[in-house]
Amino acid sequence: MTPATTPDKSTPVPVERTPSVGGLPLNSASSDLQDLIRNTSDLIQLIDLDGRFLYVNRAWKDATGYRSAQLNAMTIREVIHPEFLDETMAKFERIKNGERIPDFDTVFRRLDGRRVYVSGSVNCRFDEAGQPVAFRCIFHDTTARSRAEKAQNLFYQIASSTLTSRSLDDLYSLIHRELSQVIDTKNFFIALYDSSKSYLYFPYYVDEYFKGNLRFTKRRLGNGLTEFTIAANRPLMLVEEDIRRLAADKQIYLYGQIPKVLLCAPLRIGDRITGIIGVKSYERTNKYDIRDLELLEFISGQVAQAIARKQAEAELGKQTARLHAIFESSSHLMWTVNRRQQLTSFNQNYFNLIRLNLDQVPQVNISTEQLGWQLMGLTNRKIVEEKYRLAFRGVSQYFEIQLNTRSGELWYEMYLNPILLTDGTIDEVAGIARDISPLKKSAQDLLKAKEEAERSLKVKERFLANMSHEIRTPMNGVIGMVDLLSDTPLQLEQREYVQTIKKSSETLLYILNDILDLSKIEAGKMQLHEAPLSLRELFDKLISLFGQTAHAKQNDLRYRFGEGLPQYVIADETRLLQILSNLTSNALKFTENGSVTLTANTIWMKGKWHKIRVEVRDTGIGIAPEGLTQLFGAFNQLDNSSKKSFGGTGLGLAISKELTQLMKGEMGVESVIGRGSVFWFTVELKETTISPMTQQQIEAEQFVVKDFFKDVHPCVLLVDDNAVNRKVASEILLKAGCRVDTADSGRKAIEAVRARRAERGAGSEKKTRSQSSLPTPHTYDLILMDIQMPDMDGVETTRELRRLFGAELPPVVAMTAYSMREDRDRFLSQGLNDYIAKPIRAQALILKVKEWMDAQPSQDVLRQYELKSNQPSPTKAEPTSPVFDREVIDQLCGLGGVEMVVSVFEDFEQEATQQLADAQMAYLRGDFPAVESNLHTLKGNAGTLGIERLHQAVKSVEARTKVGDFSTFEREIPDVVQEFATFREQYKEFLEGL
Amino acid sequence: MATHKRVLIAEDSSVIQNLAKKILEFQNFEITSVKNGEQVLQIIDKEDFDIILLDINMPLMDGMECARRVRALPDPEKAKIPMIAITGNARNYSPEEFKAAGFNDMLIKPLNFDALVALVKGLTE
């Protein structure tokens with residue numbers, strides 16, 4: 001039992017200066033000794049076994065706050081802090097039993113409730129009988145030291161708390177727990193700013209009056225007590241009185257219970273305040289003193305650091321978790337490799353690839369050479385090695401590589417990215433890869449599909465070309481025969497029928513041409529054949545073409561030219577008219593009782609170049625927006641074709657659009673349903689001062705087949721395997737006055753030429769008529785040669801003929817359904833002299849024969865000259881041709897401008913004067929080669945420059961001199977001189993008129 | 001065109017020479033003209049051309065002879081310069097004969113300059 005358990009109330013209370021019970025020599029002690037005891041800073045107490053106070057000195061009373069009067073009624077048990085009571089009483093008991101305790105520590109509770117930590121010596125006084133009677137205690141106040149120790153411990157605990165606590169919540173309760181070792185923390189809180197600073201939240205809040213505790217929801221900064229203390233930005237100790245005054249001054253708003261005292265300190269990291277910690281007491285004002293506040297301030301920095309660290313750690317944890325989730329959930333293979341090519345991390349997909357294909361389990365620190373690289377061929381390994389090398393030098397790598405897996409060869413796309421550490425070094429490289437085989441495959445499929453499509457497009461083109469060729473051959477028969485038929489005497493009714501057939505076959509040709517045009521455009525083989533043309537004439541022609549149609553539907557059709565539009569341009573008239581016709585016929589088709597107006601304007605000019613915009617505006621039914629986009633596609637209107645009145649295939653717009661592009665322009669449409677449409681296009685055309693010839697067309701219309709060759713009857717060999725074609729051509733030729741032999745194969749043709757030569761060579765009839773100086777006669781005047789024949793085609797036949805007959809062979813003109821103009825050059829290079837396209841038109845065929853008859857004077861032509869020369873009064877040949885060939889000169893102007901032509905003509909005038917003089921002089925000298933040479937050049941030059949009549953005149957002379965016949969030179973040369981004079985008189989004026 | 005293609009024209013008649021020169025210059029060719037076959041051989045010894053237009057009927061050395069000599073040149077680059085014969089065909093050469101002389105193609109007088117331009121372009125591309 002402790003001595004305190006049996007307190008004896010009757011025992012007199014010891015007081016200062018009262019002689020002690022145990023006969024302490026207080027009375028006998030000197031006053032000096034008394035003074036020492038009274039004034040020492042040590043706490044001295046003498047208590048009896050029951051704990052009653054026998055004596056306490058002043059220092060003791062100062063330290064505890066009790067007065068002597070109070071102490072008389074008290075025991076030590078009431079002074080010792082309840083927390084330490086049992087422990088302390090036990091120590092007294094041990095001392096009573098004779099034990100020695102060198103450092104006796106205990107804690108008193110002051111009158112005001114605060115603790116006083118004491119440490120010192122306690123011993124027991126015994127009476128004569130050896131019975132213990134009292135305890136002598138000499139303590140010194142260790143409160144400050146203890147506080148310092150605790151503070152230090154606290155500081156250390158909090159500093160290491162980031163290591164010992166698992167989470168932020170753990171940390172907060174640890175801080176709370178540790179702090180409570182030092183000061184009262186029945187009410188403790190941590191308040192933090194939200195990073196945005198406008199929010200305040202309490203991650204930790206323990207309060208006697210707030211039982212919901214922990215984790216206040218965050219709240220907006222207001223004017224509460226906490227905010228006030230934060231705003232103060234320094235440690236604060238506020239007592240109830242202060243708080244009430246602040247509330248009265250409206251500095252704060254009070255909520256809840258008002259504490260008796262509040263201590264708080266800001267949490268600082270550097271200059272930044274991150275929050276606040278505080279303790280409160282609702283018990284008494286003096287619960288804390290200024291040292292507690294200092295303590296709080298002392299640890300606040302650590303708390304702030306600890307919280308910040310822990311927050312960063314939590315953030316890092318979150319970030320890691322996030323990255324990990326990405327690392328693992330991705331469909332990509334991911335891994336990292338260090339400089340020794342060892343795996344340092346990898347994800348599940350990487351793991352799976354290695355395990356499934358190599359029966360190995362990848363592990364950290366295994367060399368990648370034993371892993372992923374096993375899936376590559378030697379060459380690829382070298383590549384990858386190099387890529388790693390570059391990645392370790394800081395250059396990110398991206399490449400595609402083939403891996404040999406058990407599921408076959410798979411393509412992987414691979415990224416190697418250097419992992420840059422904060423100091424800029426690279427220890428590892430991160431690899432990311434994914435299987436792109438399906439992607440690759442679909443790309444390949446796509447390519448294959450594209451090639452397939454292109455191939456079938458080619459097949460289509462070829463088919464179109466072949467088909468149109470196949471169609472052209474029978475068309476040849478139809479159109480040719482119709483031409484002939486319309487030349488026979490017909491009844492009115494018959495004539496109408498023939499006209500219908502003619503029109504229908506022409507329509508068919510238009511369609512055929514459309515298809516051909518499109519395939520030519522698609523094959524990039526469309527070429528424009530440009531020549532000067534008058535825009536006004538072009539539009540007039542258009543109006544006259546469609547006037548009838550417009551009128552039939554009560555439409556007003558007109559055109560309007562803007563200012564500055566050039567009068568003449570160089571353009572492909574056929575193609576331009578094709579575009580205009582197409583747009584106009586479309587406009588008329590969808591318009592009734594309205595108008596179709598064409599306008600043409602120059603948009604810009606660059607020198608002679610004009611960008612011209614043509615609009616075809618109708619007031620028709622219009623086109624829905626969804627229709628507009630499909631409009632220019634090929635074949636889109638095929639189903640409407642029956643309604644078209646002019647060359648309709650539905651290809652029209654597609655072709656027109658392509659043609660405008662060839663003319664460096666574009667085409668478009670704007671339309672409003674019910675209001676009408678505007679189709680427009682632009683083209684870039686060069687202005688010219690040359691006016692085009694329309695003479696030819698007029699002549700063409702008056703062309704008469706019958707007896708075209710009145711005086712001369714050319715001998716023609718017609719070679720064609722097709723009976724219809726033979727029939728058509730020979731009928732035309734016969735009707736025109738030719739003599740015609742036919743052959744249905746190459747071999748027959750050779751036989752015919754051979755037979756003809758034999759006949760002529762042996763025949764006396766011709767020979768007798770010919771003069772002895774004449775060269776070996778041509779077998780025929782002209783051979784018309786079909787190109788496509790079985791067995792031996794036209795080109796082969798011609799080659800063979802040339803081999804057999806050489807210079808005796810007459811000109812060979814190819815007849816072919818090949819319609820590309822480019823083919824012409826091919827035939828010419830293969831030994832044929834000229835070319836005529838099928839279907840054979842009577843006029844074209846006859847003119848072609850005439851052309852060659854003029855160029856190569858035949859036996860018959862020569863004979864005619866003879867006849868003429870025999871006439872008594874030889875007169876100049878009728879000047880049937882114009883002085884100048886307008887077409888040739890226009891072409892030259894188109895190529896080099898009028899100025900060039902003028903200067904060239906001047907050159908010619910000078911040179912020709914010389915040549916004529918030279919030729920005549922040479923003739924007088926008897927230098928016939930020189931005569932021939934001069935005439936030959938003069939002939940060529942005159943022809944080249946389109947000086948037509950002079951050309952003809954020289955040609956006529958030169959045809960003889962060329963073969964050594966100078967018999968008519970003297971008679972004919974005046975014609976040449978005369979024509980040359982005419983040229984000199986007229987050419988300047990003529991050129992000025994261009 | 002960064003550099004113009006160079007055309008050498010050998011033509012007796014200055015009319016045709018000038019005309020061809022102007023028309024081809026208009027088409028961005030650079031033209032050098034000479035009067036006969038001998039001059040052709042002299043100039044191509046020193047300079048490079050992309051194509052040669054040869055009149056057949058020339059004094060001193062005619063086009064046929066000139067073409068054969070060009071094709072026989074020791075410098076393989078020069079020996080294969082494209083050549084076009086320009087002829088009124090006074091002597092009725094066959095296309096085979098022009099080919100045999102080394103011409104790539106031929107044009108018959110009266111000249112069609114459209115065809116000339118097309119041919120020159122075709123052979124210099």
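Me: In what order do the elements of chain B run from the N terminus on?

Reply: They go β-α-β-α-β-α-α-β-α-β-α. Helices here are DSSP runs of H or I with at least four residues, strands are runs of E with at least two, and both are numbered from the N terminus. Chain B has 6 helices and 5 strands. A word on the model: it is a predicted one, where local features need pLDDT of at least 70 and side-chain atom pairs count only at pLDDT 80 or more, while totals for chains, interfaces and linings use all residues. Residues are numbered from 1 along each chain as its sequence is written, and chains are lettered from A and ligands numbered from 1 in the order in which they are written.

Me: What percentage of the residues of chain B count as buried?

Reply: The figure is 48% of its 125 residues. A residue is buried if 20 or more other C-beta atoms (placed from the backbone) lie within 10 Å of its own, exposed if 12 or fewer, and partly exposed in between. Contacts tell you about the fold too: two residues touch if their C-beta atoms, placed from the backbone, lie within 7 Å. Among the contacts in chain B between residues at least 6 apart in sequence, 59% link residues at least 24 apart.

Me: How many residues does the contact take from chain B and from chain A?

Reply: Chain B gives 24 and chain A gives 25. On the chain B side, two or more residues come from each of α1 (14-26), α5 (95-101) and α6 (113-124) of chain B. The largest share is that of α1(B), with 8 residues. Nonpolar means Ala, Val, Leu, Ile, Met, Phe, Trp, Tyr, Cys and Pro; charged means Asp, Glu, Lys and Arg; the others, Gly among them, are polar.

Me: What is the order of the open sheet with parallel pairing?

Reply: That sheet, also in chain A, reads β25-β24-β26-β27-β28 and has 5 strands. Inside it, β26 (residues 782-786) and β27 (residues 812-816) of chain A run parallel, joined by 4 bridges. M785(A) has A814(A) of β27(A) as its bridge partner. Helix α23 (residues 794-805) of chain A packs on the sheet, touching β24 (715-719), β26 and β27 of chain A.

Me: At what angle do helices α7 and α10 of chain A pack?

Reply: Two packed helices are described by the angle between their axes and the distance between the axes. The axes are lines fitted to C-alpha atoms, for helices over the stretch in contact, and angles between N-to-C directions run from 0 to 180 degrees. Helix α7 (residues 168-180) and helix α10 (residues 290-329) of chain A pack at about 165°, with axes 10 Å apart. The two are therefore roughly antiparallel; angles under 35 degrees count as roughly parallel, over 145 as roughly antiparallel, 65 to 115 as roughly perpendicular, and the rest as oblique. On the α7(A) side, the contact is made by L168(A), L171(A) and I175(A), while the α10(A) residues include V303(A) and A306(A). By class, this contact has 7 nonpolar, 1 polar and 1 charged residues.

Me: At roughly what angle do the axes of α14 and α18 of chain A cross?

Reply: The axes of helix α14 (residues 492-522) and helix α18 (residues 652-662) of chain A cross at roughly 45° and come within 10 Å. That makes α14(A) and α18(A) oblique to each other. Among the residues in this contact are D514(A) and L518(A) of α14(A), and I655(A) and E658(A) of α18(A). Sorted by class, the contact has 4 nonpolar, 1 polar and 3 charged residues.

Conventions
Two strands pair if DSSP finds at least two bridges between them.
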